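Please read this note with the model open beside you. It is written as numbered points, and each point can be checked on its own.

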Amino acid sequence: MISEGLHRDLYRFGALWTPRGNPVLLVPPLAVSADCYDLRAVERRWRTLMALGMAGWTLGMFFWAFYRSVLHVPLPSPSIADIGFFMFPVFAVPALLSLVRESPRREAIGPIHLWLVLTLDGLVVVGGLFILTWTTALGAVVHTGPTGSLGFLVAVMYPITDFVLIAMVLLMVIGPKAVAEIREPLTFLGCGLVMLSLSDSLYAYLVAIGAESMPTIADAGFIAGPPLIALAALTKRTEPRNRDAPQQWRSDRTQLLLPYLLIAVIATIVTVQALIVGNLDAVVVILGVGVLVLALVRQILTLLENDALLQQISAAQDELRYRAHHDPLTELANRAAFDEHFASAIENYRLTNSDWVLMLVDLDDFKQVNDRYGHPAGDRLLVALTARLREAVPESAFVARFGGDEFTVLLQGPIDDAVVVAHRIVDALSSDQTADTSVSVGASVGVAQFELADEPLSAHALLRRADAAMYEAKRSGKGAVVVYCDRRED
């Protein structure tokens, strides 16, 4: 036999014992959140992809070391080692993309827009970094080196792929996609990629000038890069912290401004170079125009995003405004909306001396419905009675739920017309009710005219008189209409 405590422990860990006494694992306990499993899956995914990329890079380095140290041949390019080296960016890009998260500001924009903006930002950054490299060193090397050889093209692809990865890490670190708990591993990863990029760029330079060997100092990036990347994979995610709205918006602003800041730096360098040299490289012009086009497209997407956000904010404000002035159950105006409309009606009466009437409607025997059938049945009955009340009053009347089972009606017009409307209300609310209940309810209506000779006209005085008339109607047998002004029951 299994003790009760052991049975509870087994159930807590998702196990159930069969009649033969064998434990069967069930679905993981519900107490463990889905977010926890998602985070673990993301951690495994990005580490696995990065490990595959580094495995290919290590394989390429093995062949390269074999060429240089065993075969003693000139710097091979291209070679079988390049296949292993290019496996690293192939796996590193999806590894970084698996860490991308939407910012709270853009959750409603949609994943397609998010990835498109991220791609455009990355292309702008990569293009900007390539232009900077071309104008400072790479351009001169290309113009003097064997640009038509396949080896040179392969060598140039190394710094380009490094720029792509560095741009992705940079955008994730400063942008809202990278939450605070993954910035530390991303920092190590970015440093490792920068080290690899330095050695790859130097390698491309040596290939371009036809160097026979690579100096030992040039391998420093290849030596320091992999340990930093491994350290990034080993660094654990910090405890998630809730960031306030200003921090999120500052992060969004940083990402928005980064491409344009980079364009400003490029424009400054290119302008200085044009003034010194006297002309611009065709590659710089072509890439510069391409970067500007990408930035323009990105700006258009930003404008569309802002327009969508403004529409969502406007819709949310309208919804909040509606909820602030309407009863959530009956959808009638609530007490706050009634007070505003009541004050406007009193002001209109004072300015124009037009006829206004206040009616206070109270349901008879409604408490029995809640007591016998429960509040859900009472709520359904209130909704049904609200529909009848709306049909019984003119469209120009202002109807509000005053509280509980009380309603108010503001009507502009003579008192005699208001009394007719009050009797229609009593008839509409006194018929048989829904099939959920067999309790018959009715309505008592107190009527007060906007005309107080013995005291100043005020909302409090009018409500007090309508309330007194309504209680007089209840005392007279319910289902009645009483006008306060002459205390006559109609």
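1. Basis. The model is predicted, so local features need pLDDT of at least 70 and side-chain atom pairs count only at pLDDT 80 or more, while totals for chains, interfaces and linings use all residues. Residues are numbered from 1 along each chain as its sequence is written, and side-chain values use heavy atoms, with hydrogens and water left out.

2. Cavities. How many cavities of 30 Å³ or more does a search of the whole structure find? The search finds 3. A cavity here is a set of points, on a 1 Å grid over the protein atoms alone, where a 1.4 Å probe fits but cannot get out. Grid points are joined across faces, edges and corners, and the volume is the space filled by probe spheres set on the points. The largest cavity has a volume of about 120 Å³.

3. Lining of the largest cavity. Lining residues have an atom within 4 Å of a point. Among them are Trp57, Trp64, Phe85, Phe88, Tyr158, Asp162, Asp200 and Phe222. Four helices, α2 (34-71), α3 (80-97), α5 (150-174) and α6 (183-208), each supply at least two lining residues. Helices are DSSP runs of H or I with at least four residues, strands are runs of E with at least two, and both are numbered from the N terminus. By class, the lining has 9 nonpolar, 1 polar and 2 charged residues. In this scheme Ala, Val, Leu, Ile, Met, Phe, Trp, Tyr, Cys and Pro count as nonpolar, Asp, Glu, Lys and Arg as charged, and the others, Gly among them, as polar.

4. A salt bridge is a side-chain nitrogen of Lys or Arg within 4 Å of a carboxyl oxygen of Asp or Glu. By this rule there are 10 salt bridges. One of them joins Arg323 and Glu319, at 2.9 Å from N to O. Both residues lie in helix α9, 4 residues apart, which is about one turn of the helix. Glu319, Arg323 and Glu331 are linked in a network of salt bridges. Arg323 is partly exposed because its relative accessibility is 41%, and Glu319 is partly exposed at 40%. The classes are buried for under 20% relative accessible area, exposed for over 50%, and partly exposed in between (1.4 Å probe, protein chains only).

5. Asp364 lies in strand β3 (residues 356-364) and Lys474 in helix α14 (residues 459-475), so the pair ties together parts that are 110 residues apart in sequence.

6. A pair between loops. Lys478 and Asp365 form a salt bridge at 2.9 Å, N to O. This pair links distant parts of the chain, 113 residues apart: Lys478 is in the loop between α14 and β7 (481-483), and Asp365 is in the loop between β3 and α11 (366-373). Lys478 is partly exposed at 38%, and Asp365 is partly exposed at 28%. Neither residue is a glycine, yet Asp365 has a positive phi of about 60° and Lys478 has a positive phi of about 65°.

7. Surface patch. Which residues form a nonpolar patch on the surface? They are Leu280, Val285, Val289, Val293 and Val297, with about 370 Å² of accessible area together. Patches are made of residues with over 30% relative accessible area and no salt bridge; like charges are joined within 9 Å, and nonpolar side chains (Val, Leu, Ile, Met, Phe, Trp, Tyr) within 5 Å. Areas come from the Shrake-Rupley method with a 1.4 Å probe, and for residues only the protein chains shown count as cover. Val285 is in helix α9 (residues 282-325) and is partly exposed at 40%.

8. Two C-alpha separations. Thr187, in helix α6, is partly exposed at 42%. Its C-alpha atom is 9.6 Å from that of Ile229, 42 residues away along the chain. Leu153, in helix α5, is partly exposed at 47%. The C-alpha atoms of Leu153 and Pro78 are 9.0 Å apart, and the two residues are 75 residues apart along the chain.

Definitions and conventions. 1 Å grid on protein atoms, 1.4 Å probe; cavity = no way out; pocket = protein on both sides within 12 Å on 5 of 7 lines; lining within 4 Å.
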